[in-house]
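Dear colleague,

Please find below the sequence and the structure that I am handing over to you. My notes on what was found follow directly after them.

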Amino acid sequence: MAVASSVRLRVILGEDSSQRVILRDGVPHSMSELLEEVQRQCNLPGSFRLQFRDPDFDHEFMNLTSPSDLQDKATVKVVFSPTTHVTLCQDGSPPPPYFGASHSTNFSPALSPSPSSSDTVILSTPPSTSGASSESSLESSSESASSLKSSQWPSVFDVPRFSYDSELKLQHANTAFKEGGTFLSPEPKLKSSILDGLAEEIVKYKLYPTDSDFEEVAKALIKKHPCLKEQGSVTGCSGWKVSLKYKLGNYRTKLRNVGCMEVTVNSLKHKLQGKSSPAYGVKKPRRAEVNYCPSFPSGETAESLERVRVNLLSEGKKNNNDQTLKVLMDKTFALRRHEVIHESPLITDFKTRWPALFRTKEVSAEFERITTVPLLTRFFSKLDLHSAKLLKVFAKRGGVQGRKIMQHVTAMAQSDYVEVKRESVLRALCLYLNEEPDDLIREYMVSKCVELFVKPTILLKKLLACLVFDDERPVLHPITVPQCWSSLSS
């Protein structure tokens with residue numbers, strides 16, 4: 001019986017790292033055995049695939065599908081899966097290989113790096129060609145998301161760094177102010193540089209800042225650069241506040257000329273006839289709206305996105321298709337916002353065009369696209385935060401309604417489960433607002449296969465209420481549905 005000769009492989013593990021692998025019994029008959037042997041000798045974590053130099057394609061690396069393609073002294077490359085975490089040594093090499101009892105080596109444990117000297121990195125590779133359609137969808141989704149704003153107005157405005165010469169002048173002026181209290185009267189060039197830098201930072205969050213936003217930015221400016229404080233001003237920054245307003249107006253004009261849709265929506269050609277005044281019907285984000293009127297994704301037009309919308313109608317009829325729907329809904333987000341802003345459609349018409357939007361997951365996803373805030377997470381966190389004050393409000397209600405409310409309050413006090421507490425508060429709140437809890441919350445038994453549903457007319461036609469608490473006396477103020485969603489995002 002012939003004894004199989006050993007096969008030596010050169011395994012490339014990284015850009016500057018390779019290792020020799022010896023197959024004592026020759027090339028394995030299956031890919032799984034080959035992968036297992038390479039993983040054992042090279043001590044590789046996670047999943048990976050192998051590539052070899054194919055002589056039929058000028059020795060370019062190709063995916064290895066059969067071990068029979070390998071010969072002695074062949075070169076193979078390890079390609080890790082995108083989610084595989086590999087711990088590399090300080091010099092960028094993989095961890096020391098594992099040698100079995102049949103392998104002898106002069107490797108010294110003293111030369112192996114300690115755990116504290118290693119860094120964890122993620123090795124990402126192009127996905128396999130089998131998921132080409134999914135890959136293109138995810139790429140288009142990431143492109144559409146890149147054009148959106150990622151955060152709301154910051155709680156503390158961070159003044160950006162200005163140009164190098166401007167920062168140098170401000171540094172000297174701040175030093176003179178600390179030493180002798182000398183204020184700086186900025187020259188036009190320096191003032192223009194400061195205003196330009198602030199304007200570019202502001203439009204990252206809002207194109208139409210409020211008066212309080214301008215004042216916050218002006219105060220942040222003189223706090224970071226006290227030499228710019230204005231003498232004779234009550235706040236020390238009134239002049240900067242006015243200058244910022246004019247600068248933002250000029251900056252919006254520049255953006256309108258380059259086609260920024262959030263600004264062009266308010267151009268005179270979009271106004272009604274006879275009411276073509278710049279101040280008439282200005283469409284701008286409401287409270288908590290971050291992505292109000294985003295631009296179309298790169299390379300897309302209204303016509304191409306309309307074709308995607310038609311495709312979305314057929315995809316919505318398939319089962320277990322949530323991921324594809326999410327990708328397509330992300331891609332067509334700008335088209336939906338343009339329809340809402342420009343056409344103000346009826347809910348019935350809008351639901352006919354975008355039925356997938358009215359699914360439970362997509363309602364939360366659309367809310368997060370507009371406000372960058374996760375709906376359910378924020379809602380339940382605010383509900384938990386205000387539960388104690390809600391109980392004080394409920395305790396003041398008497399009569400039959402008060403007794404019904406106390407039944408839910410008692411159930412809340414007797415349970416340790418947060419879900420039960422939340423349900424009890426919501427039911428009690430419905431009773432407090434003279435609503436029927438069963439219209440909003442429905443119990444069902446899985447064994448009876450009873451469908452769980454919520455009447456949409458409650459959310460579409462009825463007014464909700466938002467709790468506004470005062471330290472002395474908690475009160476309730478009724479507001480409309482959009483205002484309620486805005487309050488959840490703040």
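I begin with a tryptophan. W240 touches P186, K191, I194, L195, A218, L221, I222, L228 and E230, leaving aside residues up to four places away in sequence. Please bear in mind throughout that this is a predicted model.

W240 also belongs to the largest nonpolar core, which has 32 residues. Together with F157, I194, L198 and L221, W240 is among the residues with the most contacts inside that core. Four helices, α3 (164–180), α4 (188–202), α5 (211–224) and α6 (238–257), each supply at least two residues of this core.

For the chain as a whole, the model has 17 helices and nine strands. Of its 490 residues, 37% count as buried. Among contacts with a separation of 6 or more, 60% are accounted for by residues 24 or more positions apart.

Two lysines deserve a separate note. K247 lies in helix α6, and it counts as buried because its relative accessible area is 17%, which falls under the 20% cut-off. The side chain of K247 makes a polar contact of 2.9 Å with the side chain of D196. Leaving aside residues up to four places away in sequence, K247 touches S192, L195, D196 and A199. K331 is found in helix α9, which covers residues 322–331. With a relative accessibility of 15%, K331 is buried by the cut-off of under 20%. A polar contact of 3.3 Å joins the side chain of K331 to that of E300.

R161 is found in the loop between α2 (132–146) and α3. Is R161 buried or exposed? Its relative accessibility is 65%, so R161 counts as exposed, the cut-off being over 50%. R161 and L198 are 37 residues apart in sequence, and their C-alpha atoms are 9.2 Å apart in space. L198 is one of the residues named above for having the most contacts inside the largest nonpolar core.

Next come two residues with backbone angles to check. Most residues other than glycine have a negative phi. S344, however, has a phi near 45 degrees, a positive value. S344 lies in the loop between α10 (333–343) and α11 (347–353), and at 56% relative accessibility it counts as exposed. N434 also has a positive phi, near 60 degrees. N434 lies in the loop between α15 (418–432) and α16 (456–461). N434 is exposed as well, with a relative accessible area of 62%.

Finally, I turn to a pocket. The second largest pocket holds about 420 Å³ of space. Which residues lie nearest its centre? They are W153, K206, D213, R287 and A288, out of 21 residues that line this pocket. By class, the lining of the second largest pocket has eight nonpolar, seven polar and six charged residues.

With kind regards

How values were computed. Residues numbered from 1 in each chain as written. Predicted model: local features only at pLDDT ≥ 70, side-chain atom pairs only at ≥ 80, totals over all residues. Heavy atoms only, no water. Buried < 20%, exposed > 50% of the residue type's maximum accessible area, 1.4 Å probe, protein only. Core = buried A, V, L, I, M, F, W, Y, C linked by side-chain atoms within 4.5 Å. Contact = heavy atoms within 4.5 Å. Polar contact = N/O pair within 3.5 Å; in protein donor to acceptor, adjacent residues only side chain to side chain. 1 Å grid on protein atoms, 1.4 Å probe; cavity = no way out; pocket = protein on both sides within 12 Å on 5 of 7 lines; lining within 4 Å. Points joined across faces, edges and corners; volume = space filled by probe spheres on them. Nonpolar A, V, L, I, M, F, W, Y, C, P; charged D, E, K, R; others polar.
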